[in-house]
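User: Please take one part of this model and go through it closely. I want the packing described piece by piece, with the cut-offs spelled out.

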Amino acid sequence: MFLKARILIGEIYIMCGIVGYVGKKSVVDILLNGLTKLEYRGYDSAGIAVSVDNKIEMYKEEGKLQNLKNLVEPKKDYLKSSTMGIGHIRWATHGAPNTINAHPHSCTCGKLVIVHNGIIENFKELREELKNDGCVFRSETDTETLAHLIAREYGKVNNLTDAVRLATKQINGAYAICVMHQDVPNTIVATKRNAPLLVGIGQNEYYVASDVPAIIDYTKTAVYLDDNQIVTLTPDSMKLINSFSVELQPHIETLPWESVSLSKMGFKHFMLKEIHEQPSIIRNLLSGKIIADNQPIKLDEVKLDLDTIKKLDRIQIVACGTSLHAAMIGKYILEDFCGISVDVEPSSEFIYRKTTTNDKTLVIGVSQSGETADTITAVKQSKKQGSHILIITNRPDSTMAREANSLIPVNAGIEVSVAATKSYMAQLISFYLLALHIAEIKGSIESAKLMALKHGLITLPEKAEEILDHKKLIQEIAKKYANFKNFVFVARGLNYATALEGALKLKEISYINATGYPAGELKHGPIAMLDESMPVLSIMMKGMVYDKILSNSEEAKARDARMIALTNSDDEKLNDLFEDIIRIPDVDEYLSPIIAIIPLQLLAYYIAEFLGKDVDQPRNLAKSVTVE
């Protein structure tokens with residue numbers, strides 16, 4: 001289905017998670033369950049506000065969500081009659097991650113409470129103005145400014161929806177907010193600008209959330225709010241207006257997720273479960289797209305015909321983090337298969353220079369969440385220049401997907417662990433499908449090679465399962481190297497990005513200083529770091545650069561580095577050169593990044609586990625990096 005573009009006004013997005021409920025059910029467990037499902041968005045602090053006995057009570061704690069649950073547990077009997085509330089899980093921006101700065105925030109009298117994702121850019125000016133009006137501030141946050149501002153407007157108009165509408169016209173920046181007022185029973189008002197927010201629809205009840213997982217246990221239908229739309233919810237009604245008070249007809253959509261995705265299914269961590277899901281992810285993504293070796297790849301949502309492709313003189317890929325590494329492999333195969341020049345750039349750098357894309361440029365935005373701030377901004381800038389926008393994302397319901405001219409939904413399901421694994425795999429497969437699809441249309445790849453690559457893709461799930469079924473050696477190697485403080489990953493050619501991704505996975509979850517290098521660059525500086533305290537992992541796939549990486553590994557060995565090989569070769573010379581060897585199934589050189597990443601994900605996972613790290617929620621990180 002072709003997705004209609006959704007135009008945004010600003011370029012600032014934010015992490016954190018919001019959940020709200022108004023209806024007939026007891027609200028506390030709904031809020032805490034929703035926040036549990038959103039904890040991947042931040043875990044610096046958490047809080048809820050509930051309406052009970054005709055007053056609003058707030059409960060907040062710094063640190064992980066469990067601290068809030070422990071605070072609320074003794075009060076559950078008292079709170080069970082409450083059927084309305086809002087909650088928030090925080091990734092700190094303004095103000096330290098402590099209880100005072102935790103959401104919800106309230107106005108001076110405490111009657112109005114708010115939860116907020118976003119950044120209010122002019123909050124300092126508003127704060128001084130409100131202080132002069134007598135408002136008493138308790139926190140360092142920009143959010144509290146918004147609470148006082150809405151309360152001031154409510155005092156003028158005595159209507160909560162209008163107060164939110166008038167207050168938000170005075171602020172600059174990004175926000176998704178939910179507001180309650182003690183004097184307005186059974187009512188939640190919510191609105192957004194440049195931050196995701198949706199309303200779940202039940203029977204005589206409504207849910208508000210910043211992401212689907214928070215409400216998928218309760219409803220499968222929802223309304224995604226557009227910027228500057230304001231929704232007023234009671235147990236029996238939903239009224240949607242724009243910033244001019246014009247009533248709008250909600251567009252109800254079916255949510256694309258199942259709650260089973262949020263279960264660990266017997267695995268110790270979500271990350272390990274998601275690594276093991278990768279063979280199924282490959283099968284699902286290939287299904288219906290590669291019908292047979294001798295039939296064209298079917299990508300219905302990619303709107304690139306021969307005339308459009310002939311017009312292209314350049315492809316620009318923008319992405320961040322793990323998605324950037326997938327993009328680097330995408331560049332390699334797009335250039336080799338399609339003969340089109342490809343540039344890859346971090347979105348965070350692309351947006352701060354002159355945009356040089358035009359109507360002869362295909363711009364590919366890559367994001368697991370589809371809400372990555374920098375990538376959305378890059379896509380919007382290119383779209384203004386007339387570029388065709390193709391989005392690769394795990395979230396076909398996301399902001400980025402709604403900006404697309406063409407779309408490849410990677411269909412990896414909800415990825416809970418902060419460290420991306422299965423979504424990276426799905427992005428890689430998507431790039432291979434896209435590159436082969438364009439090559440077919442252009443006729444830029446030999447028929448025999450095209451058929452061989454299609455066949456190779458189809459056989460990948462079995463080879464991935466073989467690695468996962470024989471991971472004991474990886475566990476042993478992980479235990480052996482878990483206490484090293486530094487780690488180097490090297491590769492050449494197509495797998496340089498695999499080295500970067502392997503290093504990133506280890507760095508993210510174990511906090512080991514892991515770095516990826518092109519192996520040929522070792523002698524140009526990094527080799528100075530090598531000694532017996534430095535493990536070097538060489539990614540050595542059979543093919544054009546195998547002998548080169550072998551030579552580079554010998555140079556590292558000569559400096560007493562602890563050598564590990566990841567290879568599909570049975571070359572006996574490796575036994576003398578490497579202290580440890582991880583062997584993987586043989587595969588075409590072009591397809592090797594898909595198989596090579598799985599042992600590196602497992603190595604990072606087991607090292608972090610041996611070190612006792614919080615694998616699924618590493619410090620200082622959140623799943624959706626939705627702030628510039």
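Analyst: **A helix pair and a sheet**

Helix 4 crosses helix 5 in a left-handed sense (the near helix is turned anticlockwise from the far one by less than a right angle; clockwise would be right-handed). Helices here are DSSP runs of H or I with at least four residues, strands are E runs of at least two, and both are numbered from the N terminus. The model is predicted, so local features need pLDDT of at least 70 and side-chain atom pairs 80 or more, while totals for chains, interfaces and linings use all residues. Numbering starts at 1 along each chain as its sequence is written, and side-chain values use heavy atoms, without hydrogens or water.

Which residues make the contact? Helix 4 supplies F123, L126, R127, E129 and L130. Helix 5 answers with D142, T145, H148, L149 and R152. Contact means heavy atoms within 4.5 Å. By class, four of these residues are nonpolar, two polar and four charged.

Five strands form an open, parallel sheet in the order 17-16-18-19-20. Strand 17 (342-346) and strand 20 (406-409) are the edges, each pairing on one side only (pairing takes at least two DSSP bridges). The twist averages 15 degrees from one strand to the next. Strand 16 (residues 314-319) runs parallel to strand 17, joined by five bridges. There, I317 stands opposite V344 of strand 17.

Key: Nonpolar A, V, L, I, M, F, W, Y, C, P; charged D, E, K, R; others polar. Axes fitted to C-alpha atoms, helices over the stretch in contact; angles between N-to-C directions.
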